[in-house]
Amino acid sequence: MAVGRFLRTVPHHRRMAAVAFRLRRPDGVARHMRVVAEPVFGPDGRLMAARGAYQDISSQHWTEVALSVTRDQLAHTEQQSAARNRLALQLRCARCTTHRPGRRHAGSPPGRPATHSTSDTDDDTCLIGVQLR
């Protein structure tokens, strides 16, 4: 279909055209090809010939396929990371609302604050203290 349109474009529309397609060789190997052609006009404006070039673009095609797969994997990984970050934030905020400053919970030594988290309001605001070593 694309090749047929390409073959009609050069002589009938009298302009340059390009097409990419898959070609199956007699040995069964598929190659991806690109053909570019332009009309050549005589002094009287009549179409005299068509000149062009063809190129095996199989390596470029497979590189683009691999790049597309990599982009899809990256998008999936980014979604997973965002979901994990949302879950971690929800867990931290849930801990803030259940362990208010001054409250004691099991395992908290006497004389120490019950938690390093603070929350002064009943909304979803949650401040987490993180100590880096």
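Is H32 buried or exposed? Keep in mind that this is a predicted model. H32 has a relative accessibility of 12%. The cut-off for buried is under 20%, so H32 counts as buried.

Where does H32 sit? In strand 2, residues 30–41. Now its surroundings. Beyond its neighbours within four places in sequence, H32 contacts F21, R22, Q55, D56, I57, S58, H61 and W62. One of these, H61, also makes a polar contact with H32, side chain to side chain, at 3.4 Å.

On to the charged pairs. How many salt bridges does the structure hold? Three.

Start with R31 and D56. Their side chains form a salt bridge, 2.9 Å from N to O. This one links distant parts of the chain: R31 is in strand 2, D56 is in strand 3, residues 47–56, and they are 25 residues apart. Both ends are partly exposed: R31 at 26% relative accessible area, D56 at 35%. Remember that D56 is also among the contacts of H32.

Next, E38 and R51. Their closest N and O atoms are 2.7 Å apart in a salt bridge. E38 belongs to strand 2 and R51 to strand 3, so this pair ties together parts 13 residues apart in sequence. E38 is partly exposed, at 33% relative accessibility.

Last, D27 and R25. This salt bridge has its closest N and O atoms 2.8 Å apart. D27 is exposed, with 53% relative accessible area. R25 is partly exposed, at 36%.

That's the tour. Over to you for discussion.

Methods. Residues numbered from 1 in each chain as written. Predicted model: local features only at pLDDT ≥ 70, side-chain atom pairs only at ≥ 80, totals over all residues. Heavy atoms only, no water. Helix = DSSP H or I, 4+ residues; strand = E, 2+ residues; numbered from the N terminus. Buried < 20%, exposed > 50% of the residue type's maximum accessible area, 1.4 Å probe, protein only. Polar contact = N/O pair within 3.5 Å; in protein donor to acceptor, adjacent residues only side chain to side chain. Contact = heavy atoms within 4.5 Å. Salt bridge = Lys/Arg side-chain N within 4 Å of Asp/Glu carboxyl O.
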